[in-house]
Amino acid sequence: MPELKMPRVWRIETKPHKFCPGCGHGLVLKALGEAIDELGIQDRTVFGCDIGCSLLSWDFFNMDTIQTHHGRTTPVMVGIKRANPELVTIAYMGDGGGYAIGSQHLVNAAARNEKITVLLSNNTVYAMTGGQMAPTTMPGQKTETSPYGRDPRYTGPPMLGPEMVAAITDENAYVARGTIANLRQLKAYIKKALQNQMDAKGFSFVESLAACPTNWRTNAEETWRFVEREMTNHFKVGEVKTSAAREKAV
Ligand SMILES: Cc1ncc(C[n+]2csc(CCOP(=O)(O)OP(=O)(O)O)c2C)c(N)n1
Ligand code: SF4
Ligand SMILES: [Mg+2]
């Protein structure tokens with residue numbers, strides 16, 4: 001039987017993503033997928049996703065994938081890495097998962113310099129459960145549980161995750177904050193984080209500023225304004241901890 005000549009698009013393994021229109025998770029995962037392809041590490045990478053909207057990526061990549069209890073993706077990936085150090089392990093989670101219920105895991109893995117990569121999407125809310133206030137909710141931001149706007153006098157300021165991780169890790173860590181508004185830069189940060197793990201240097205962490213238009217109840221223009229102006233004003237985009245050696249990774 002003659003070989004079927006199929007259009008190129010049919011041969012590429014793709015899936016429609018399951019996030020709401022305008023969601024930031026899809027963009028962060030696109031940057032991650034491209035970073036994995038460019039580093040050529042698909043066959044040795046294990047992807048772990050948390051509870052929250054990140055779990056919608058559980059069958060997204062053609063890679064070994066595990067989905068864990070809320071906030072527990074970090075220690076699960078630490079266990080996999082320790083069992084087989086040749087693997088590249090990625091823990092992917094939301095701000096609620098990493099900075100609230102899973103904060104003890106993030107802190108201890110970082111302080112122990114575990115050789116894993118944690119990627120965290122900061123969309124300022126608990127999105128999957130309906131948009132409650134998270135550690136990263138902006139001052140004045142209205143959520144389901146802060147209907148008059150977050151008041152830092154009572155809640156403290158929004159959590160600065162990468163700055164916290166940088167403060168408790170040693171000089172072998174790589175820490176950065178990217179944004180879905182600059183995917184090229186975000187991919188570069190993710191590649192450096194993965195390279196840091198592969199060089200067996202230490203813990204690597206990249207927070208991404210991300211959007212949740214569904215719970216923010218914003219249209220496209222308002223969504224991008226919130227990410228590019230308000231979030232970026234408080235959460236400074238850039239590398240927080242790096243070294244000259246890692247510049248070679250990109
Ligand atoms: C142990 C546990 N506690 C609470 C929940 C309820 N829960 C599910 S998703 C979620 C919030 C997720 O928020 P975040 O981690 O920021 O991810 P997002 O959905 O915003 O991407 C919560 C509290 C749960 N599933 N399991
Ligand atoms: S609820 Fe928000 S974070 Fe979840 S898929 Fe929809 S836009 Fe994305
Ligand atoms: Mg969130």
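**Reading a predicted model, step by step**

Visitor: How do I read burial here, and does Ala200 count as buried or partly exposed?

Guide: At 47% relative accessibility, Ala200 counts as partly exposed. The model is predicted, and that applies to everything we discuss. The label comes from a cut-off: buried means under 20% relative accessible area and exposed means over 50%, so a value in between is called partly exposed.

Visitor: Where is Ala200, and what is its phi near?

Guide: Look in the loop between helix 8 and strand 8 (204–209), where Ala200 is found. The phi of Ala200 is near 55°, a positive value in a residue other than glycine. Arg217 has a positive phi too, of about 60°, although this residue is not a glycine. You will find Arg217 in the loop between helix 9 and helix 10 (220–234). With a relative accessible area of 61%, Arg217 is exposed.

Visitor: Now a helix, please. How do I read the length of helix 2?

Guide: Compare the span with what is expected at 1.5 Å a residue. Helix 2 (residues 25–39) has 15 residues and reaches 21 Å from its first C-alpha to its last, close to the expected 21 Å. Helix 2 is followed by Gly40, whose phi is positive, near 65°.

Visitor: Which residues of helix 2 are buried, and what covers them?

Guide: Here is the general idea. An α-helix has 3.6 residues a turn, so residues three or four places apart point the same way. In helix 2, the buried residues are His25, Gly26, Val28, Leu29, Ala31, Leu32, Gly33, Ala35 and Ile36. Their cover includes strand 1 (45–49), strand 3 (88–94), strand 4, helix 8 and strand 8.

Visitor: Helix 8 came up there. Which helix holds Lys192, and is Lys192 buried or exposed?

Guide: Lys192 lies in helix 8 (residues 183–198). Lys192 is buried, because its relative accessible area is 6%, under the 20% cut-off. To see what the side chain of Lys192 does, look for a partner: a polar contact of 2.8 Å joins it to the side chain of Glu239. For a sense of distance, Lys192 and Gly161 are 31 residues apart in sequence and 18 Å apart in space, C-alpha to C-alpha.

Visitor: What coordinates the magnesium ion, ligand 3?

Guide: To read a metal site, list the donor atoms and their distances. The magnesium ion (ligand 3) is coordinated by Asp95 (OD), Asn123 (OD1) and Val125 (O), at 2.0 to 2.2 Å. Along the chain, these donors follow the spacing D-x27-N-x1-V. Asp95 lies in helix 4 (residues 95–101) and Asn123 in the loop between strand 4 (117–122) and strand 5 (125–126), so the pair ties together parts that are 28 residues apart in sequence. Both Asp95 and Asn123 are buried.

Visitor: Which residues come nearest to ligand 1?

Guide: Among the 16 residues around ligand 1, the nearest are His25, Cys53, Asp95, Gly96 and Gly97. The next step is to look at single atom pairs. An oxygen atom of ligand 1 is 2.5 Å from an N or O atom in the side chain of Asp95. A backbone N or O atom of Gly97 lies 2.8 Å from an oxygen atom of ligand 1, and the side chain of Asn123 has an N or O atom 3.1 Å from an oxygen atom of this ligand.

Visitor: What surrounds ligand 2?

Guide: The shell around ligand 2 includes Phe19, Cys20, Cys23, His25, Cys53 and Asn123. Also in this shell are Ala127, Cys212, Pro213, Thr214 and Asn215. By type, the shell divides into 7 nonpolar residues, 4 polar and no charged. Helix 9 (residues 213–216) provides the largest share, 3 residues.

Notes:
Residues numbered from 1 in each chain as written. Chains lettered and ligands numbered in written order. Predicted model: local features only at pLDDT ≥ 70, side-chain atom pairs only at ≥ 80, totals over all residues. Heavy atoms only, no water. Helix = DSSP H or I, 4+ residues; strand = E, 2+ residues; numbered from the N terminus. Buried < 20%, exposed > 50% of the residue type's maximum accessible area, 1.4 Å probe, protein only. Polar contact = N/O pair within 3.5 Å; in protein donor to acceptor, adjacent residues only side chain to side chain. Near = heavy atom within 4 Å. Nonpolar A, V, L, I, M, F, W, Y, C, P; charged D, E, K, R; others polar. Donors = N, O, S within 2.8 Å, 3.2 Å for Na, K, Ca; no water. Expected span 1.5 Å × (residues − 1). Contact = heavy atoms within 4.5 Å.
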